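Below are my notes on the model you sent, as numbered points. Please read them with the structure open.

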Amino acid sequence: MEQLSIRTPDDFHVHFRDQEMLPETVAASARCFGRAVAMPNLVPPLTTAEAVLSYRKRLRGSRPQGSSFEPLLTLYLTDQTSAETVRLAQQAGVVAAKLYPAGATTNSNSGVTALEKIYPALEEMALLAMPLLVHGEVTAAEVDVFDREKVFIEGVLGPLVKRYPELKVVMEHITTADAAQFVLAGNARIAATITPQHLLLNRNDLLVGGLHPHNYCLPVLKRNTHQQALRQVVKSGSRKFFLGSDSAPHERSRKESACGCAGCYSAWSALELYAQVFDELECLDKLEAFASENGADFYGLPRNPGTVTLRREHWTVPEQIILPNGRPIVPFFAGKEVRWKVQAV
Ligand code: DOR
Ligand code: ZN
């Protein structure tokens, strides 16, 4: 197959950041996605309907001229989030709420310290059919960083979905066979997103032959057997898994640092890299459901009209991109060859 047209896809997990970075990040997603779920871990985090609405304005205002790209907004859950806050957020058009265990990742310090604190908010979300998006890692210092997802499933997520069987839950950016298995075995209201980096790479790509900061993200890349399990689950065509790139830009100096930030800025090549993985797995026929149907169906959103076309074409991801503030950022897969390309419309 040399060319593939699919229904216009959505990206169900993106960090656009704010202010001067928006013209870059919004345009990069708008080049091929119809919609994208915008993560709320800004500084300060988006904890109210008002804050989210004002962010949506900034996102919409940063779209390239003529673009019909639509950002989908999320609420950042804290220990103080009430049922009322959830209700107001949904009335304002917020599509989901994000659970960051406090301290789990970038700008998660205001996250939830104990799930009991947000039981009323979760009950309200279950009533409203508003998905809970979960960063699925425990943060206890004694838990090894490579085990944090598995321990979260056993100690937090398993009990949570038992307590709220009606709650829609998206386990974001899954990285382990354990997570894939948990989602597969769960009811129809449990789903997951998978990033390009967790399908393409394993922890050797982070740690062998030197430290590779641009492959560092959270949850951290796992061993090869987990990578293979994720590849098998997308190949299976299960409707419970969908595209969420977790594109997460940090300026070059913040990545190449003695204490580097977690995040891969993949928006420049995400859809193409998924196509490459599905091609390697000989299941390109499953790409459209993963990228353009499963996520919209799970969220209860209409599927996008229109199509995008990918062509088998070799190109190289730029070594760096200069942000509007003049500072460089290194995109995911920089300097590497990609074997599929989205055709400009
Ligand atoms: O690698 C990551 N980067 N993982 C996250 O959970 C957050 C994200 C970010 O905001 O940079
Ligand atoms: Zn993320």
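1. F333 counts as buried, because its relative accessibility is 10% and the cut-off for buried is under 20%. In this predicted model, F333 lies in the loop that runs between β12 (328–329) and β13 (337–342). Its phi is positive, near 70 degrees, although the residue is not glycine. Most residues other than glycine have a negative phi, so this position deserves a look at the backbone.

2. Q19 also has a positive phi without being glycine, here near 50 degrees. The loop between β2 (10–14) and α1 (22–30) holds Q19. Is Q19 buried or exposed? Its relative accessible area is 53%, and exposed means over 50%, so Q19 is exposed.

3. Two cis peptide bonds should be noted, one from V43 to P44 and one from L218 to P219. Omega is about -5 degrees for the bond joining V43 and P44, and P44 belongs to the loop between β3 (35–38) and α2 (49–61). For the bond from L218 to P219, omega is near -5 degrees. P219 is placed in the loop between α8 (204–207) and α9 (224–236). As background, most peptide bonds are trans.

4. Which polar atoms lie by the nitrogen and oxygen atoms of ligand 1? A polar backbone atom of L218 is 2.8 Å from a nitrogen atom of the ligand. A backbone N or O atom of A262 is 3.0 Å from a nitrogen atom of ligand 1. From H15, a polar side-chain atom lies 3.3 Å from an oxygen atom of ligand 1. On its own, ligand 1 has 290 Å² of accessible area, and the protein covers 99% of that. The ligand sits in the largest cavity.

5. Helix α11 (residues 270–280) is largely enclosed by the rest of the structure, because 9 of its 11 residues are buried. The buried residues are A270, L271, E272, L273, Y274, A275, Q276, V277 and F278. An α-helix has 3.6 residues a turn, so residues three or four places apart point the same way. After α11 comes E282, with a positive phi near 55 degrees.

Conventions: Residues numbered from 1 in each chain as written. Chains lettered and ligands numbered in written order. Predicted model: local features only at pLDDT ≥ 70, side-chain atom pairs only at ≥ 80, totals over all residues. Heavy atoms only, no water. Polar contact = N/O pair within 3.5 Å; in protein donor to acceptor, adjacent residues only side chain to side chain. Areas by Shrake-Rupley, 256 points an atom, 1.4 Å probe, with all protein chains shown as cover. 1 Å grid on protein atoms, 1.4 Å probe; cavity = no way out; pocket = protein on both sides within 12 Å on 5 of 7 lines; lining within 4 Å. Sits in = over half its atoms within 2 Å of the grid points. Buried < 20%, exposed > 50% of the residue type's maximum accessible area, 1.4 Å probe, protein only. Helix = DSSP H or I, 4+ residues; strand = E, 2+ residues; numbered from the N terminus.
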